[in-house]
Amino acid sequence: MSNQEPSVGLAMGAGGFLLTSPIATQALAEQLGALCQGGEVFLLQGDLGSGKTCFIQGLARGLGVPASSRVTSPTFTLHAEYSGRLRLNHFDLYRLEGEVGKANLASLGLDDMLLDPEAVLAVEWPEILGTALGTEALTIQLSHAGEGERWLNPVAAGNKHRDLLSLWQRVAHF
Ligand SMILES: Nc1ncnc2c1ncn2[C@@H]1O[C@H](COP(=O)(O)OP(=O)(O)OP(=O)(O)O)[C@@H](O)[C@H]1O
Ligand SMILES: [Mg+2]
């Protein structure tokens, strides 16, 4: 990539990013995916249309999921799996809203996936499971900014995800 290419986003203070287009969101997520070694957990928080699936599409590219595998929100099936350099388990728990308490890690198969060292887990609407997923993860908070723009705020918990976040912040290029 040449230095002359237009920038696709802006680094923001306090370790976050202003993403100026869906392409910027996917590029940044791809850079994160490329750093994954297996066992990472990404919790995607943000309103409807804030870019959670868009981010996971980029993450999938960075995990080596081929472009021919179209990544969409598994809103009705809850779970989709993609094969790449590492496996990507993608959950969208939105449909379970209102069933808080009934949904749990075991019933969704999430307990096994959390422990899978060959896979990366990405969950949209993780708050529906309360704190069950929460101990070791990189939470990606997305919110609407201007037209076509999103704020991204990362919050890491646990050493593995803290190290990953600092590496990502160092290599992220816009
Ligand atoms: N900077 C941006 N980053 C990501 N998406 C953006 C951006 N600007 C505009 N968009 C648009 O916002 C929409 C984001 O949709 P996406 O499905 O990723 O959201 P979501 O958070 O997964 O929503 P849901 O909660 O319904 O699953 C897309 O249509 C995308 O083109
Ligand atoms: Mg989505």
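Visitor: Which residues are closest to ligand 1?
Guide: Thr25, Gly51, Lys52, Thr53 and Cys54, out of 19 residues that surround it. A residue counts as near if its C-beta atom, placed from the backbone, lies within 6 Å. By the way, this is a predicted model, where local features need pLDDT of at least 70 and side-chain atom pairs count only at pLDDT 80 or more, while totals for chains, interfaces and linings use all residues. Residues are numbered from 1 along each chain as its sequence is written, and chains are lettered from A and ligands numbered from 1 in the order in which they are written.

Visitor: Which helices supply at least two residues of that shell?
Guide: α1 (22-35) and α2 (52-62) each do. Helices are DSSP runs of H or I with at least four residues, strands are E runs of at least two, and both are numbered from the N terminus.

Visitor: Is α2 enclosed or open, and why?
Guide: Largely enclosed by the rest of the structure, because 10 of its 11 residues are buried. Buried means 20 or more other C-beta atoms within 10 Å of a residue's own, again placed from the backbone. Lys52, Cys54 and Leu59 are among the buried ones.

Visitor: What covers them?
Guide: The cover includes α1, β3, β4 (79-82), β5, β6 and β7. Here a contact is two C-beta atoms, placed from the backbone, within 7 Å.

Visitor: New topic: what is Phe42 in contact with, leaving aside neighbours within four places in sequence?
Guide: Leu59, Leu121, Ala122, Ala137, Leu138 and Ile140.

Terms used
A residue is buried if 20 or more other C-beta atoms lie within 10 Å of its own, exposed if 12 or fewer, and partly exposed in between; C-beta atoms are placed from the backbone.
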